[in-house]
Structure formats: structure tokens, C-alpha cells
Number of protein chains: 2
Amino acid sequence: MMDYQPVFRSLADPTRRAILCMLKEQDLCIGDIADHFQMTRPAVAKHLKILNEADLVIIETQGRERINRLNLTQLMSAMDWFNYFDQFWDKQLNHLKQVVEDKVLEDKEQ
Amino acid sequence: MMDYQPVFRSLADPTRRAILCMLKEQDLCIGDIADHFQMTRPAVAKHLKILNEADLVIIETQGRERINRLNLTQLMSAMDWFNYFDQFWDKQLNHLKQVVEDKVLEDKEQ
DNA sequence: TTGACATGAAACCAAATGGTATTATATTTA
DNA sequence: TAAATATAATACCATTTGGTTTCATGTCAA
């Protein structure tokens with residue numbers, strides 16, 4: 001049973017979600033990312049630390065730069081949590097279907 | 001363009017995720033839900049307020065009780081955010097495929 | 001080797017978060 | 001009608017969060 005907490009905690013912040021979207025396009029170092037936001041570089045570095053701890057971002061040191069790369073496996077795991085509700089979705093649809101069918105039957109019998 | 005913030009903020013707390021899972025099984029009033037946790041009822045009520053504001057839970061007053069019902073539409077919208085990364089997933093797989101194919105070609109030419 | 005650059009680390013702060021206890025209100029039920 | 005029930009509302013508190021500034025460190029390039 002996986003611990004969803006670090007991932008969902010990461011996704012709760014709009015800046016962190018934006019960073020993930022940026023990293024979808026290409027790997028970036030902290031400075032590159034910070035340039036896209038109004039906040040200071042240390043603030044962005046903190047967000048990246050949280051993303052890294054949740055294993056959503058992998059950090060690779062290259063000389064004096066640190067390349068941040070998106071790791072999708074944790075996002076996929078988080079989707080499992082959503083899929084848990086799929087059954088409910090089906091159940092709701094089936095219930096609706098049942099209601100409609102019952103209604104049709106009712107109408108016929110009148 | 002939808003605002004994902006209320007939903008992702010809601011999902012960041014383990015108690016709230018647990019409440020959503022409980023409501024998947026059946027509609028429940030605040031007291032029922034609070035019985036399943038160690039925290040006080042007002043604390044649970046606060047979580048339900050946040051879930052309601054994110055439209056993840058619909059509250060229906062019946063006499064002195066307030067029935068909490070799961071609303072899946074917002075969860076489905078949140079899944080759209082995840083789906084945005086599917087392309088990246090494909091891209092990664094395609095890249096891997098390309099690398100392997102190139103490797104095979106290389107080997108052939110030797 | 002010296003200066004510029006990319007980042008880390010620490011101290012600090014305001015606001016949000018997740019909880020509590022207490023009191024008030026409305027609806028059942030005996 | 002009076003008591004019990006289900007919840008709302010308020011005030012309060014400790015901790016976490018998201019940001020800042022400042023200073024230190026390691027690496028590249030002239």
C-alpha cells in the first residue's frame with residue numbers, strides 16, 4: 001500500500017503544479033525555473049525540494065548546475081487513487097440507468 | 001480553464017481523502033463520519049466544509065441532520081490535469097522505442 | 001587565480017492550517 | 001413542553017507553509 005501523502009501534498013500548491021508542467025516540456029535547472037516566477041530563487045528551490053522528496057522530480061547535479069527532471073511514476077501512482085472511484089462512477093451510472101428503466105416500466109404499466 | 005486549486009488543496013489532507021473514500025460507500029452525516037476518526041466533530045465539520053467548497057461533497061439538509069454526498073464531477077476534472085501528462089508518458093516511451101530501434105540498426109550495420 | 005555564476009543553508013516572518021473547547025441554535029422525541 | 005440530539009459558530013492555539021534576506025560554498029571561465 002503506497003503512501004500518497006507526499007504526492008498529494010506536492011500537488012496542493014499552484015507553483016509546484018506549474019513547475020511540473022514546465023518540466024514536462026524539458027529538463028530545467030533552478031535558475032531557469034525561477035525566471036518564470038515572481039518569487040525569489042530560494043523559494044523555488046524549496047518547492048523543488050518538496051517535489052524531489054515526493055519523487056516527482058529527480059535532481060541530477062551537472063557541475064555547478066542541478067538539472068531537474070520530471071519523474072512520472074509517482075503521478076501514475078496517484079492516478080490509482082482516482083481510479084478507486086471509477087467503480088463509484090459506474091455505480092452512479094448504473095443507478096441512473098436503473099431509475100430510467102424503472103420509469104419506463106412505470107409509464108408502460110399506466 | 002478550470003481552477004484546480006480547491007480540489008488539489010482538498011486532496012492534500014489524509015483525513016479528507018479518507019472521508020471521500022467513506023462517502024464512496026454511502027452518504028453520511030457529520031456525526032457518522034466523526035465516529036470513524038479520533039478528532040472532534042468540529043474538526044471533521046471543518047474538513048467537510050473544505051470538501052463542500054471544492055464541490056467534492058454536496059451537503060443536503062434533512063431536518064437536523066446534514067447528509068454529505070460524494071460528487072465525482074470535480075474528481076473527474078482533476079483527472080484531466082493528470083491526463084495532460086499522458087502525452088509526456090507517450091513521448092518518453094516513444095523516445096525509448098527510438099533509442100532501442102537505433103541501437104538495433106547500429107548492431108546490424110556492424 | 002580571480003571574478004562571475006549557480007546553488008545551498010540558515011534565520012526569520014506572516015499567514016494558513018488543523019486542531020481544540022465552549023456556547024448557541026434548531027429539530028426531534030418522550 | 002422539556003430533554004435529547006445534530007449541528008453551527010466563535011474564539012483560541014500550536015504547527016506548518018510559503019515566502020523573504022543574508023551569507024557561504026563550489027564550479028566555471030577569462
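Predicted model: local features only at pLDDT ≥ 70, side-chain atom pairs only at ≥ 80, totals over all residues.
**Entry 1**

I began with the strands of chain B. I found an open sheet of 3 strands there, in the order β1-β3-β2, with antiparallel pairing. I noted β1 (28–29) and β2 (57–62) of chain B as the edge strands, since each pairs on one side only. Next I looked at how β1(B) meets β3 (residues 65–70) of chain B: the two pair in the antiparallel sense over 2 bridges. Which residue of β3(B) stands opposite B:Leu28? I traced it to B:Asn68.

**Entry 2: helices across that sheet**

Helix α4 (residues 41–53) of chain B lies across β2 and β3 of chain B, and I have its direction down as about 115° to β2(B). Helix α2 (residues 14–25) of chain B lies across β1, β2 and β3 of that chain. I wrote down about 95° for the angle between α2(B) and β3(B).

**Entry 3: around DNA strand D**

On to the DNA. How many residues surround DNA strand D? I get 18, and the closest are A:Thr40, A:Lys46, A:His47, B:Arg41 and B:Arg66.

Which elements supply at least two residues each? My list has α4 (41–53) of chain A, plus α3 (30–35) and β3 of chain B. The most comes from α4(A), with 4 residues.

**Entry 4: arginines at the DNA**

I picked out some individual atom pairs here. A:Arg16 has a polar side-chain atom 3.2 Å from a phosphate oxygen of DNA strand D. With A:Arg64 I landed on a base instead: an N or O atom of its side chain is 3.4 Å from a base oxygen of DNA strand D. For B:Arg64 I also found a base oxygen of DNA strand D, with a side-chain N or O atom 3.1 Å away.

**Entry 5: chain A against chain B**

Last, I looked at where the two chains meet. I count 30 residues from chain A and 30 residues from chain B in the contact. For both chains together I noted about 3,000 Å² buried, 71% of it on carbon and sulfur atoms.

Conventions
Residues numbered from 1 in each chain as written. Chains lettered and ligands numbered in written order. Heavy atoms only, no water. Pairing = 2+ DSSP bridges. Contact = heavy atoms within 4.5 Å. Axes fitted to C-alpha atoms, helices over the stretch in contact; angles between N-to-C directions. Near = heavy atom within 4 Å. Polar contact = N/O pair within 3.5 Å; in protein donor to acceptor, adjacent residues only side chain to side chain. Buried area = accessible area lost by both parts, 1.4 Å probe.
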